[in-house]
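Here are some notes to read alongside the model. Keep the 3D view open while you go through them.

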Amino acid sequence: MTRSPGLFAVVRSEWIKYRSVRSTVIGTLIMLILTIGIGLLIGLAVKGHLSTMTPVERATLDPIQVAMGGILFAQFAVGVIGALLITSEYSSTSIRTTLAAVPNRLRLIAAKAIVLSVVLFVVGEIASFIAYFDGAAIFHGTIAAMPSLSQGKTLQAVLLSGLYLMLMGLFGLGLGLVLRQSAGAISTYTSLLLILPILVFLLPSSWQSHITKFEPSVLGQAMRSTTGALRSGTPVFGTWSATGILFAYCAAALGAGIILMQRRDA
Amino acid sequence: MISVEHLTKRFNDTTAVDDLSFEVKPGLITGFLGPNGSGKSTTMRLILGLDQPTKGRALINGKSYHSLSAPLCEVGALLDAKAVHPGRSARNHLLALAVSNGIPTSRVDEVLDFVGLASVAKKRAGNFSLGMSQRLGIAGALLGDPPVLLFDEPVNGLDPEGIRWIREFFRTLADEGRTVLVSSHLMSEMAVTADQIVVIGRGKFITAGSVDELTKNASGTVIVRSADNTKLNKALLSANASISEINDEGIRVSGMSAAEIGDLAFAAGVAVHELTPERASLEEVFMELTHDSVEYAQAAKEVK
């Protein structure tokens with residue numbers, strides 16, 4: 001009966017774990033609701049302001065960025081989900097039970113990362129497309145009409161919005177692996193997204209433009225940008241550079257986490 | 001079969017396990033005994049590959065834990081009953097474990113039934129009592145029907161009924177030819193549960209053997225009563241025996257067998273009225289064996 005179970009068995013096991021705990025299930029729903037709900041609210045707010053906007057504001061208005069505004073909130077949910085996926089194992093000491101069943105730590109992390117990626121990508125894409133269609137409905141018939149999916153980089157921007165949520169979840173998982181405790185990992189994650197931009201703001205403005213574009217949420221905006229620039233005029237990376245840099249962040253966090261986990265006692 | 005070979009684990013400046021070697025044989029219940037903090041749990045974590053040894057190794061049927069492809073089918077372990085995500089139901093907890101090792105899901109319900117948790121299988125494990133958690137841990141250990149089983153302080157938190165149940169359960173496992181290692185700091189528990197005992201103190205191997213062997217080799221005492229205790233006392237002292245007690249009732253001698261004392265009395269021309277060997281209880285043996293390590297630990301704590 002002992003056919004050697006491989007990565008797929010561990011992925012199935014991690015999927016059972018993912019869906020059998022309230023925190024991850026609720027977290028995933030919150031991410032969905034924030035992406036759609038906040039996008040809707042921002043869209044309606046912007047629509048109400050269209051008539052009072054300056055010509056410059058109107059010219060640089062990117063309706064896709066507006067529709068995807070909820071992602072700025074949802075990115076906190078995915079980071080928390082990712083971090084909790086591993087830190088909850090340490091806080092409950094169930095990591096010992098888990099590692100006794102799956103002694104290959106690399107395989108365990110790979111399985112967790114795969115489950116997290118698939119769930120966040122699928123739910124992230126669903127959320128992004130709903131947010132896009134909501135935005136399209138809101139701006140229908142206005143001067144800021146939403147480009148159709150077949151126009152320009154629209155489809156790419158929507159798809160990359162879902163991918164951004166997935167990558168930020170993986171980044172949270174990496175932080176969780178390194179820090180091994182929920183409070184530490186979640187506060188580090190939120191600090192990187194919220195406090196870091198404030199600190200950068202205090203730097204000389206000539207530095208700011210060089211640093212800001214590396215911030216995760218700015219990379220996310222660059223990924224969904226169809227115009228190649230942000231409304232604020234902040235220089236950003238091109239779509240694929242931004243995607244690549246965010247991938248590199250995830251790889252670095254996960255890589256550090258895997259190396260540390262191989263070395264540390266459970 | 002578990003082979004522990006020169007296993008050593010250092011944490012910064014403390015040595016939790018110190019060049020420990022012993023074997024745990026199949027078909028027997030082996031008690032793993034030591035005072036609290038003597039390194040029993042660390043040794044078990046090392047056997048399960050949870051901690052990396054500083055030196056030495058632990059093998060399960062000749063293989064390292066990391067090389068087992070479906071470890072739950074080879075080793076079942078209950079280290080910490082609370083090592084379960086509190087928000088997950090008992091059934092889902094076991095289901096995730098089973099699936100990760102390719103164990104059929106029907107086995108989950110079997111083990112839940114066996115430990116008597118079937119009725120609460122859908123309840124969150126975080127709300128379980130310690131006794132229920134122990135049973136969930138046992139269910140997890142049995143999932144893969146493994147030939148080797150490890151239990152760390154399994155009777156903690158069990159009621160007398162549960163303790164009796166678990167003793168019979170260990171016996172059944174051993175009778176089925178499985179290797180069973182049970183740790184405890186309670187000598188009295190091991191005396192009634194285990195066939196073989198491995199004693200450690202301060203991370204070091206102290207002794208191993210059957211319960212009988214351990215009590216036999218320990219310095220038991222002999223009570224001797226004679227017609228002339230004064231004369232016998234003198235004879236004993238000149239033979240370098242150690243007298244631990246002397247009163248009207250008789251003399252308590254340690255470090256000498258009853259036969260030796262009888263011979264000595266005969267040679268001294270003292271009539272012996274009573275010669276009673278007093279076997280040390282396993283508890284006393286344990287106290288004697290681990291006395292140094294406990295005392296040392298206490299002193300070390302005070303210095304810090």
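The points below go from the ground rules to the chains, the sheet and the cores.

1. Ground rules. This is a predicted model, in which local features need pLDDT of at least 70, side-chain atom pairs count only at pLDDT 80 or more, and totals for chains, interfaces and linings use all residues. Residues are numbered from 1 along each chain as its sequence is written, while chains are lettered from A and ligands numbered from 1 in the order in which they are written.

2. Chain A. You'll find 12 helices and zero strands here (helices are DSSP runs of H or I with at least four residues, strands are E runs with at least two, both numbered from the N terminus). The radius of gyration of chain A, taken over C-alpha atoms, is 20 Å, close to the 18 Å from the globule rule (2.2 Å times the number of residues to the power 0.38) for 266 residues, so chain A is as compact as a globular protein of that length. Its C-alpha atoms fill a box of roughly 70 × 45 × 25 Å along the principal axes. Buried residues are 45% of the 266; buried means 20 or more other C-beta atoms within 10 Å of a residue's own, exposed means 12 or fewer, partly exposed is in between, and C-beta atoms are placed from the backbone.

3. Chain B in two parts. Domain 1 covers 2–210 and domain 2 covers 219–278, with bounds from an automatic or database domain assignment. Their centres, over C-alpha atoms, are 47 Å apart.

4. The six-stranded sheet. In chain B, an open sheet with mixed pairing runs in the order β6-β7-β8-β3-β9-β10 (two strands pair if DSSP finds at least two bridges between them). β6 (75–78) and β10 (204–210) of chain B are at the edges with a single partner strand each, so one side of each has no neighbour in the sheet. Strands β7 (residues 148–152) and β8 (residues 179–184) of chain B run parallel and share five bridges; D152(B) has S183(B) as its bridge partner in β8(B). Helix α5 (residues 160–175) of chain B packs on the sheet, touching β3 (29–33), β7 and β8 of chain B.

5. A look at β13(B). Strand β13 (residues 251–254) of chain B has I251(B) and V253(B) on a covered face, with R252(B) and S254(B) on the uncovered one. Strand β11 (residues 221–226) of chain B runs antiparallel to β13(B), with four bridges, and V222(B) has V253(B) as its bridge partner. On β12 (residues 242–246) of chain B, also joined to β13(B) by four antiparallel bridges, S242(B) stands opposite S254(B). A hairpin through four residues connects β12(B) to β13(B).

6. The cores. Which residues touch the most other members of the largest nonpolar core? Among its 148 residues, they are L94(B) and A139(B); a nonpolar core is a set of buried Ala, Val, Leu, Ile, Met, Phe, Trp, Tyr and Cys residues joined through C-beta atoms within 7 Å. Helix α8 (residues 154–179) of chain A gives the most to this core, 16 residues. Another core, of 12 residues, lies apart from it and includes V224(B) and V253(B).

7. One buried residue. L20(B) sits in strand β2 (residues 14–24) of chain B. Why does L20(B) count as buried? Because L20(B) has 24 C-beta neighbours inside 10 Å.

Terms used. Two residues are in contact if their C-beta atoms, placed from the backbone, lie within 7 Å. Axes are lines fitted to C-alpha atoms, for helices over the stretch in contact, and angles run from 0 to 180 degrees between N-to-C directions.
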